[in-house]
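Welcome! Open your viewer, get ready to select residues by number, and let's take a walk together.

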Amino acid sequence: MWRHLASNTITFLIVGLAGAAGVIAWGVNEYSGEGPLETAICLQVEPGTNFRTVSQQLAEKGAIGSDSIFRIGAEYADKTSQLKAGSHLIPERASMERIVDIVTRGGASTCGTEILYRVGVNAVLAEVRELDPATSDYVELVEFDPTAEGVETPPEYAEMRERADTRYRIAVAEGVTSWQVTQALNAFDTLEGDVEEIPAEGSLAPDSYEITPGTQVAQVLDRMAAAQAAILAQAWENRAGDLPLDTPEEALILASIVEKETGVAAERPQVASVFVNRLRQGMPLQTDPTVIYGITEGKGVLGRGLRRSELDRETPWNTYKINGLPPTPIANPGRAAIEAALNPDTTDYIFFVADGTGGHAFAQTLDEHNRNVAKWREIEAERAAGN
């Protein structure tokens, strides 16, 4: 009997330890992963404020998902005693770990006027923004495309460029190509030293980067590359078992395809599962973004629908014509797409098509997929008739 009781006790202890380890891993990911903040805010920290108050402020503003994890992470990093009073700019999607660093690093106030350079898939913009003290949110004063020929520089931009307290940031969107990033950075008058050699596709981390006037373009690209290497290394270490991916580089290629296939964050693990299932079964991936990359090679957007002749054309990236993954990524995927590629949902899906809501309808069989395609064609026809 005593042996039986001892065995049960050991079993319960092992299960408890495994559960605790899982909770810790989840907490670490929450602390270091991308945050929920959609627009940068200015966090005012008054003298004498403690971390509990700050964490509650951040939670109320939607900058963190858990004030408890935020405080525990700060305590573990031994930074709760280093809180600095002042105005702190909290960038969009900032992780809890980064926010802790911001509010404990100190220095000059980081809120006020900001020039934000946005590098997107379809556009590049320079935005002049000013903090609204009443709401602690940024208000856009003017925006323009700094890469466009013949565009006059707005006077507001020129004025803010002359101010010593203006902050500068570059925000790179998920899914842009390395060519797009390099071309944009070369065009920003805040940066110096044009770069001609395009970094490897997929090697740059989409994120927000603070810069100062006179920073070299190569330095910014190096920061982006270092950030992407760190993200990929961490995701590879935490990958699911039995994936049909042999190297981190293959994971990056798959992540880039996932990034280009869906703009719905919650869908990424499902989309990844479709491609993982196809790789396991030896099926062609048959994904349009790879065909587009074979045409443009990342140098801008196609700007129209694909033609049948293009789907039939053989290129190294056309996954209708090749088996397995293409030779390189087709864009720079963000952290979430990389994590989805390495921890996909467990499904039997091998097809998906747009469902008219911005998301996709998934299917396990060709018959089911064909029905979903028919519904999508009806939606397309109705929209065309409405125009």
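Where is the place of aspartate 242? Select it: aspartate 242 is in the loop between helix 7 and helix 8 (248–261), where helices (H or I, at least four residues) and strands (E, at least two) are DSSP runs numbered from the N terminus. Before going on, note that this is a predicted model, in which local features need pLDDT of at least 70 and side-chain atom pairs count only at pLDDT 80 or more, while totals for chains, interfaces and linings use all residues. Residues are numbered from 1 along each chain as its sequence is written, and side-chain values use heavy atoms, leaving out hydrogens and water.

Aspartate 242 has a positive phi of about 60 degrees although it is not a glycine. Most residues other than glycine have a negative phi. Aspartate 242 counts as exposed because its relative accessibility is 68%; buried means under 20% relative accessible area, exposed over 50%, and partly exposed in between (1.4 Å probe, protein chains only).

Now jump to arginine 93, in the loop between strand 2 (86–90) and helix 4 (96–105). Arginine 93, not a glycine either, has a positive phi of about 65 degrees. With 36% relative accessibility, arginine 93 counts as partly exposed.

Leaving aside residues up to four places away in sequence, isoleucine 170 touches Tyr117, Leu185 and Met224, among others; contact means heavy atoms within 4.5 Å.

Leucine 204 is your next stop, in the loop between helix 6 (178–187) and strand 7 (208–211). At 2% relative accessibility, leucine 204 counts as buried. Beyond residues up to four places away in sequence, its contacts include Val181, Met224 and Asn332.

Finally, show the rings of phenylalanine 275 and phenylalanine 352. They form an edge-to-face pair, 5.8 Å centre to centre with 80 degrees between the planes. Rings of Phe, Tyr and Trp (its six-membered ring) pair if their centres lie within 6.5 Å; planes under 30 degrees apart count as stacked, over 60 as edge-to-face and the rest as tilted. Phenylalanine 275 lies in helix 9 (residues 268–281) and phenylalanine 352 in strand 8 (residues 351–354), so the pair ties together parts 77 residues apart in sequence.
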